[in-house]
Amino acid sequence: MPGPQHDYDLTTLAARAGEEARPNLSTPLAEPIYQSTVYAYPDLDALERAMSGEEPSSFYYRNGTPNAATLERALAGLEGTEAALVAGSGMAAISAALLGVLRAGDHVVADARVYGVTYALLAEEFPRLGIAVTFVDACDPGEVEAAFRPETRVLHVESLTNPLMTVPDVPALARLAHERGAILSVDNTFASPAVFRPALHGADLVTHSVSKYLSGHSTAFGGVACGRADLIASARTRLLRLGGTMGAFDAWMTLQGLKTLGLRMRAHSGNAQAVADVLANHPRVRAVYHPGLSDHPQFHRAMELYPNGFGGMLSADIEDAPAFVRALAGRIPLAPSLADVVSTLSWPWGTSHRALPEAERRRLGITPNLLRLSIGIEDIGDLLGDIEGALEAEGRKFG
C-alpha cells in the first residue's frame with residue numbers, strides 16, 4: 001500500500017497535484033473545460049468497456065473530449081437528429097460525413113452554388129478518390145432529377161446558399177433522393193437550427209461550420225455533422241482516421257455561444273430584413289439577394305419554410321463596391337467570415353469563392369462588385385446610418 005501523500009518526494013507531489021478526488025455537494029453551473037489528452041482507468045475490464053463502446057467514456061483526445069460530447073448532444077437536440085459529431089472545422093465535418101457514405105464508383109449530385117471550398121472538395125478531391133460529381137441548379141427540380149444515376153448516393157445542397165441566398169426546396173429534394181436510394185445532405189450554416197431544421201424536412205445529414213452562428217462571436221472554430229445514428233457512426237470512423245478532432249476549448253466556447261442562439265438569431269433576422277429593404281430601394285445598389293424580398297425567385301417557398309426569419313445574411317451588387325467598402329472602414333469591417341454579433345462585409349469574388357474558375361463565378365452571378373453582408377445584432381438605426389452614409393459617400397465620388 002502506498003504511504004500518505006506527504007511521504008512522497010516533492011517531484012511526485014508536484015506531478016500529482018490536483019489529482020485527488022474532491023467530493024462536493026454542489027455542481028458547476030457552467031461546464032468545466034476538460035483539457036486532458038488522456039484518461040486513466042482502474043482496471044482492464046473498465047478500459048475494455050470504454051474501448052468497445054459498452055459504456056460512454058473519454059480515453060484519448062483524438063477520440064473526443066467530454067466537452068465535445070456535451071456539444072454533440074446539444075446540437076443533435078437542436079437539429080432534431082439521432083446523433084451528432086463535432087470536428088475540427090466545417091470542412092472536416094462535411095468531408096467526414098460524406099466519406100462515411102461514399103466509396104469509389106459512387107456518384108454525388110450537388111448544388112453548383114455551394115460554398116467555394118465545398119465546391120473544390122467535390123470538384124477536385126472527390127474525383128481523385130473515384131467519386132463522380134455532377135453540379136446542378138438545386139432550385140430546378142427537373143435538372144436535379146435528370147442528374148441522378150443508378151450509382152448516385154448523395155444529394156448535397158445548402159439550406160440558404162452562399163452568397164446568393166437561393167432557397168432549395170429541401171422537402172422535395174429529400175423525397176427525390178429517397179426515391180432514388182440516395183441520402184440528402186444539407187449544409188445549414190447560413191440558417192442555423194434557430195430558423196430552419198433540415199432533418200425535420202427529410203434531410204439525412206445536416207452540417208455546420210460552428211464558428212458561424214452556433215458560436216456567434218468569432219471565438220471558436222469547428223464543424224458538426226448531425227443525422228441518423230448509423231450515418232454519424234460511419235462519419236466518426238472516418239474522422240478518427242483522418243484526425244480532424246475538435247479541441248476541448250473550441251467545444252466549450254461553442255457551448256457558451258449556443259446558449260444565446262435563439263435570441264441572437266431573432267436580432268440577426270430582423271436587422272438583415274431591414275437592411276435588405278433599404279438596399280433594395282437605393283439607386284446605387286443594382287441587386288439585392290435576400291429571401292425576404294418579394295422579388296426573390298424563391299420568396300414564397302422561403303416564407304413557407306422560414307416563418308421565423310432568414311438569419312443575418314444577404315448579398316448586394318453595389319455600383320462601386322471598393323468605394324463602398326472604404327466608406328465603411330472603421331464602422332463595418334471587411335472580414336472573410338460571417339455570423340458575428342457585429343456586422344461584417346465579405347468579398348466572395350476574392351475570398352469564399354476564389355477557388356471557382358472565373359467563368360463559373362460569373363455564371364453563378366458572383367461578380368467583382370458583389371458584397372456579402374453579415375448583419376449583426378447592433379441597433380438598427382445605427383446600422384442603417386452607417387450603410388446609407390457609405391452609399392451617399394460613394395455617390396458624392398461620382399457627383
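Is Phe249 buried, partly exposed or exposed? Phe249 is partly exposed, at a relative accessible area of 43%; buried is under 20%, exposed is over 50%, and partly exposed sits in between (1.4 Å probe, protein chains only).

A word on what you're looking at: this is a predicted model, where local features need pLDDT of at least 70, side-chain atom pairs count only at pLDDT 80 or more, and totals for chains, interfaces and linings use all residues. Residues are numbered from 1 along each chain as its sequence is written, and side-chain values use heavy atoms, with hydrogens and water left out.

1. Back to Phe249 and its partner. Phe249 and Trp252 both sit in helix H9 (residues 248-258), three residues apart, or about one turn of the helix. Helices here are DSSP runs of H or I with at least four residues, strands are E runs of at least two, and both are numbered from the N terminus. The ring centres of Phe249 and Trp252 are 6.1 Å apart with the planes at 20°, so this pair is stacked. For the cut-offs: rings of Phe, Tyr and Trp (its six-membered ring) pair if their centres lie within 6.5 Å, and planes under 30 degrees apart are stacked, over 60 edge-to-face, the rest tilted.

2. Now for Tyr306 and Phe310. Their planes are at 40° and their ring centres 5.9 Å apart, so the pair is tilted. Both Tyr306 and Phe310 are buried. Ring pairs also bring in Phe196, giving a cluster of Phe196, Tyr306 and Phe310. The count of aromatic pairs comes to four.

3. Next, H4 against H5. The axes of helix H4 (residues 90-99) and helix H5 (residues 116-128) come within 11 Å and cross at roughly 40°. Axes are lines fitted to C-alpha atoms, for helices over the stretch in contact, with angles from 0 to 180 degrees between N-to-C directions. That makes H4 oblique to H5; under 35 degrees is roughly parallel, over 145 roughly antiparallel, 65 to 115 roughly perpendicular, and the rest oblique. On the H4 side, Met91, Ile94, Ser95, Leu98 and Leu99 meet Val117, Thr118, Leu121, Leu122 and Phe126 of H5, contact meaning heavy atoms within 4.5 Å. By class, this contact has eight nonpolar, two polar and no charged residues. Nonpolar covers Ala, Val, Leu, Ile, Met, Phe, Trp, Tyr, Cys and Pro; charged covers Asp, Glu, Lys and Arg; the others, Gly among them, are polar.

4. H4 also packs with helix H8 (residues 229-242), at an angle of about 125° and with the axes 7 Å apart. H4 and H8 are therefore oblique to each other. Ala92, Ala96, Ala97 and Leu99 of H4 make this contact with Ala235, Arg238, Leu239 and Leu242 of H8. The contact of H4 with H8 has seven nonpolar, no polar and one charged residues.

5. Have a look at Asn271 in helix H10 (residues 261-280). Asn271 counts as buried, at 8% relative accessibility. Neighbours within four places in sequence aside, Asn271 is in contact with Ile375, Gly376, Ile377, Glu378, Ile380 and Leu383.

6. Finally, some backbone spots to check. The Asn162 to Pro163 peptide bond is cis, with omega near 10°, and Pro163 is in the loop between strand E4 (152-158) and helix H7 (170-179). Ser192 has a positive phi, near 75°, and is buried at a relative accessible area of 1%. Ser218 has a positive phi as well, near 55°.
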